[in-house]
Structure formats: structure tokens, C-alpha cells
Amino acid sequence: MISRIQLHSDSPTFSRLVWGAYRVANDPERREIAHIARMVDTCLDAGITTIDHADIYGGYRVEALFGEMLASRPDLRNRIELVTKCGIALVSPARPDHHIKHYNSTPEHIRQSLENSLRNLKVDHIDLLLLHRPDPLLDAAEVAGVLETLVAEGKTRAVGVSNYTPSQFALLQSKLSIPLVANQIELSVSHTAPLHDGTLDDCQRLGVLPMAWSPLAGGRLFDPEKGNPRLVELLTDLSARYNAGGPAAVALAWLLRLPSKPLPIIGSTDPKRLQALTRAGEIELELQDWFRVLETATGRPVP
């Protein structure tokens with residue numbers, strides 16, 4: 001079973017692995033309500049209780065599909081934590097007034113986005129609202145005001161950000177009377193920049209846990225043309241040694257070993273593959289094996 005952890009002293013408790021619903025609308029078979037329910041049941045059986053959304057996923061369709069599933073299975077709502085994100089404005093048939101991809105971090109848009117998400121998900125609150133991307137036009141004081149109000153109104157239990165640098169995180173936090181409890185960032189054995197750019201250091205300093213999107217590099221990690229064959233070979237060897245059930249589980253275990261305690265977001269819509277990936281929670285990589293993966297991933301030894 002996957003363990004649970006509190007993102008921050010003032011936040012809800014989440015599962016160490018998170019299921020990302022962003023691919024739900026990609027395949028006609030996978031977006032069937034029965035399939036989505038089966039995915040959630042698979043998650044719960046493995047101890048994954050946290051579900052990650054964003055208003056834009058699936059061309060603004062995923063939240064509504066998930067909401068239909070929740071309406072058909074009301075027993076599930078109290079067994080899961082819901083995360084969603086807002087702030088990116090896509091050019092989409094669902095948003096005919098968007099003529100260029102842009103960001104919108106106005107208080108009015110943040111409030112409207114969350115209220116749309118609540119309607120689509122068919123719930124009266126979510127557990128965590130994230131601002132999806134740093135916005136050069138974000139007014140930190142104004143945004144802090146609306147985030148505090150949404151928490152006070154009970155529409156979200158906590159707030160955070162996604163893809164923020166330490167300085168961007170610090171700016172918004174300086175205007176808030178409540179904590180930002182999460183920073184959802186790109187992090188994987190193929191994208192190790194947050195280990196060195198201060199992002200994970202800042203999470204440790206503040207007691208904020210990062211959420212890791214694309215923890216398997218969006219599938220590129222095991223792509224014969226785009227991947228790193230030496231890294232895949234090493235992960236495969238380690239999988240056999242640790243009885244991990246596959247190299248992908250080892251790649252996730254490598255992330256779980258970080259002291260900042262990231263929460264990898266798994267995007268698979270295949271119940272069997274999702275179940276196999278949960279083996280990551282049982283693997284405790286030895287110190288030198290962890291550094292062997294880092295060296296092979298970056299192509300150089302540590303200094």
C-alpha cells in the first residue's frame with residue numbers, strides 16, 4: 001500500500017503517489033465512465049487517494065467526465081482528495097473567446113475557474129487549488145486576496161502553485177496570511193534541474209512538499225528514439241535486483257528517495273500498469289544505486 005503524507009502542517013493529507021487524470025479524454029475507450037471508475041478503484045486498492053486535475057485537461061473536458069463518474073459513484077468522493085489547477089487559457093472550441101494561448105491570473109478568473117471546476121466535478125469543494133503557471137501579469141496582492149477568500153468560503157481546503165521558481169513562490173507567499181502548501185513541478189530522472197536550482201531546497205526549508213509532474217518524462221524515458229538506453233538498462237537491472245516489477249517503478253522510487261519527499265503524479269490510464277507502478281512505494285534504493293542512476297541520467301559523475 002502507498003503511504004500517506006501531509007503536504008504542509010496546514011494542509012490535507014495526500015497519498016505519496018498521485019493519479020493524474022489528464023489523459024482521460026484522449027481515448028474513446030478510456031473516457032468511458034466505467035473505465036474512469038475502474039481506474040479510481042484500482043488507485044484506492046493500492047492506496048492512491050489523490051487525483052490531479054486541471055481545468056484545461058482534455059480541452060476543458062476531463063473534469064466534466066470525472067464529475068459524471070463521481071455522480072454515478074457518490075461513494076468515492078469521501079475516499080479521495082481532489083487537486084485542480086487554473087490560470088492557463090487555451091485556444092479551444094470550448095473557449096471561443098480565446099484567440100491566443102495566454103495566462104489569466106486575475107482574481108475574477110481564478111474564482112470563476114474554481115467555480116467551473118466545482119460544477120464540472122459535481123462537488124462542493126476541492127482539497128487543493130494550484131495556480132498552473134507563473135504569470136508575468138500576476139498581481140501578488142490581488143491574487144493572495146482571492147485565494148484567501150476561496151479558502152475561507154470552503155471552496156478549497158488549501159492553495160498552492162505549479163511550475164514556480166523559489167522567488168516567484170516567495171513573492172506570492174509574502175502577500176498571503178495562509179500557506180502555499182505545494183509547488184507542482186516537472187521532476188524525473190530525465191529532468192533533474194530542480195535538484196540544483198533551489199526549488200527542492202526551498203521546499204525543504206519551508207516544509208512544503210513538491211508534486212512531480214511527468215515523473216517518467218511523459219513516456220519519453222522508455223522511448224527507443226528519445227530515451228536514454230543506458231539509463232533504461234540500469235533501471236531494468238535495478239528492477240531485477242529489487243524485485244520492483246519493472247524499470248518505471250525504480251524511476252519513481254528514485255524520486256521518492258529525495259528528502260524533499262516529492263509526490264509523483266502517474267498519468268497512466270491502464271489499470272494493470274498503474275498497479276505495477278505502485279511497487280515504487282516498496283523500494284528503498286541503496287545510496288550508491290541512487291547516485292548510479294543520477295550519474296547515468298546526467299551523463300556525468302557528481303563533482
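Me: Where does Lys-261 lie?
Reply: The model is predicted: local features need pLDDT of at least 70, side-chain atom pairs count only at pLDDT 80 or more, and totals for chains, interfaces and linings use all residues. Residues are numbered from 1 along each chain as its sequence is written, and side-chain values use heavy atoms, leaving out hydrogens and water. Helices (DSSP runs of H or I, at least four residues) and strands (E, at least two) are numbered from the N terminus. Lys-261 lies in the loop between helix 9 and strand 12.

Me: What is phi of Lys-261 near?
Reply: Most residues other than glycine have a negative phi. Lys-261 is not a glycine, yet its phi is positive. The value is near 60°.

Me: Is Lys-261 buried, exposed or partly exposed?
Reply: Buried means under 20% relative accessible area, exposed over 50%, partly exposed in between (1.4 Å probe, protein chains only). Lys-261 has 37%. Therefore Lys-261 is partly exposed.

Me: What is the relative accessible area of Tyr-60?
Reply: Tyr-60 lies in helix 2, residues 57-60. Tyr-60 also has a positive phi, about 70°, although it is not a glycine. Tyr-60 is buried, and its relative accessible area is 11%.

Me: How many of the 10 residues of helix 9 are buried?
Reply: Among the buried ones are Val-250, Trp-254 and Leu-256. Their cover includes helix 8, strand 12 (263-266), helix 10 (271-277) and helix 11. Helix 9 is largely enclosed by the rest of the structure, because the number buried is 9.

Me: Which residues of helix 9 make the contact with helix 8?
Reply: Contact means heavy atoms within 4.5 Å. From helix 8 come Leu-235, Thr-236, Leu-238 and Ser-239. From helix 9 come Pro-247, Val-250 and Ala-251.

Me: Which helix holds Asp-289?
Reply: Asp-289 is buried, with a relative accessible area of 2%. Leaving aside neighbours within four places in sequence, Asp-289 is in contact with Leu-238, Arg-241 and Tyr-242. Asp-289 is found in residues 287-298, which form helix 11.
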